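Hello,

Please have a look at it before reading on.

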Amino acid sequence: MAPADPTDRLPVEALTAVFDLRETQTDGERVYFYGDALAPERMLLEEAWPAFREAGYEIQLARTPSDHDVVVAKPTDTGVEGVPWKNLLLLLATIVSTLLVGATAWYYIPASEILANPLRALEAWPFTAAVLGVLLTHELGHYVVGRYHGVDVSLPYVIPFILPFGTMGAIIRMRGQMPDRKALFDIGVAGPLAGLAATVVVTAVGLLLSPVEVPARVLAAEGQAIYFQNPLLLEWIAALLGTPTEFAAGQTVHPVIMGGWVGMFFTVLNLLPVGQLDGGHMTRAMVGERQETVAAMVPVALFGLAAYLYYVRGLGINDSVGLWAFWGLFSTFIAFNGPANPIDDETELGWQRIAVGLFTFLLGATCFMLVPIQLMTV
C-alpha cells in the first residue's frame, strides 16, 4: 500500500492566493512548494498560515539557490521527539564551565589544586545550582506556556562561557507564526515572572547562608577586582530578612547570592522592549505594531547611558560603559531584524494582561543597575 501523500491534507488553495505555485515536492512529512511569492513575506504568512495551522502544519518562506521562493510546510511540533542531544550537551558543558568558574572565582580554590584533583570543582555545586536554576526556570517558563498555546518552541539551550559566571545565559527557539497576541504575551511574560520567582528564592537562600572567607593570598594580591552593584530588589530582600549584603575585610557574600544577581541582571536585559527579546514580545502584544517605534528608541537610550557614564561620570570602558555600548549595538541589530513572530489574530489584549505586563516591567525596573559591573584596583 502506497504511503499517503501529505499534500492531500494541505490547504494548497490558501497558499496559491498569494503564491505562484510551479512545483510541489515532498520529503517525508515535509512539503516544499516552489514558485514565486505574490506578496511580502509577512503578508504571505498571515494569509496562508491559519489554514495550514488548522491542518496541523507550520509554514515558512525561504529562497532557493536559483533565486526562487519556496514555502516549506512541516507538521507542527507539539512534543519533544527523541533525545535532545544538543540541549543536553550544552547543559553538560555549562555545568562544567560554571563549576570551574565557581570554584576558582567564587570559592577561591587555586586552579593548580583543581588540575591536580578535578573533583574539587564539585565544591562549587551550590553556585552552579543557583545560576543554572534561575536561568533554566526562566526559559522553562517560556517553554511550558508555549506548549500550552500549541506554539513550536524548543527546549532551553544554555550557553557555556568563562568569567565571571561560567555562562552567557540560556535561550529557546520559537518557530512559526503566533496564533494571537494573547499567546505571544503569555509566552513572553512567563519567562521573566518564572525567572524572578526563582531569583527571589535563590537570593533569599544566599543571604541566609554564611559569608565565605577570602584567603589571605587573595587579599594580599594586587591588581583589579570586579565589583558588582546590588540592585534594588536584592536590597529589599536583604532588608526583609534582616541580613547584610556587605561584610568586613576578609569575608564576602555567599556565592549562591550571585545566582540571584545573575537572575536580576538578565531580567533587565531580557525585558528590553526590542525585537525577539521578552520585552519585545510583550510590547508587541500590548501595543501592536507601534512596538517598532518603541524598539527604535532602545539603542538611543543605551548609547546615551554609555555616553553619560563615560563623559559625565568619568567611568572607563570596563566600568559598564562598554557593557551598555555593546547592548546598544546588539539592540540595534535585533531591532533591525524586526519584531516578534507574525501574528494571525491581532485582537487587542484585555486590561488584565496589560496590568500583568506593566507589573512585570516595574519588577524589572527594581533589578536595574546604572553601573552593574565596575573594576576596582586593589
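Below is what turned up, starting with how to read the values.

This is a predicted model, in which local features need pLDDT of at least 70 and side-chain atom pairs count only at pLDDT 80 or more, while totals for chains, interfaces and linings use all residues. Residues are numbered from 1 along each chain as its sequence is written, and side-chain values use heavy atoms, with hydrogens and water left out.

The largest nonpolar core has 38 residues; a core here is a set of buried Ala, Val, Leu, Ile, Met, Phe, Trp, Tyr and Cys residues joined through side-chain atoms within 4.5 Å. Buried means under 20% relative accessible area, exposed over 50%, and partly exposed in between, with a 1.4 Å probe and protein chains only. Trp106, Met258, Trp261, Leu272, Val274 and Trp324 touch the most other members of this core. At least two of its residues come from each of H3, helix H5 (125-148), helix H9 (256-270), helix H11 (291-312) and helix H12 (317-336). Helices (H or I, at least four residues) and strands (E, at least two) are DSSP runs, numbered from the N terminus. Another core, of 17 residues, lies apart from it and includes Val153, Ile172, Leu184 and Ala285.

Val300 lies in helix H11 and is exposed, because its relative accessible area is 59%.

Now for a loop. Tyr108 sits between helix H3 (85-106) and helix H4 (111-116). Although it is not a glycine, Tyr108 has a positive phi of about 60°. Its relative accessible area is 17%, so Tyr108 is buried.

Finally, another loop residue is Leu163, between strand E6 (157-160) and strand E7 (167-171). Leu163 counts as exposed, because its relative accessibility is 53%.
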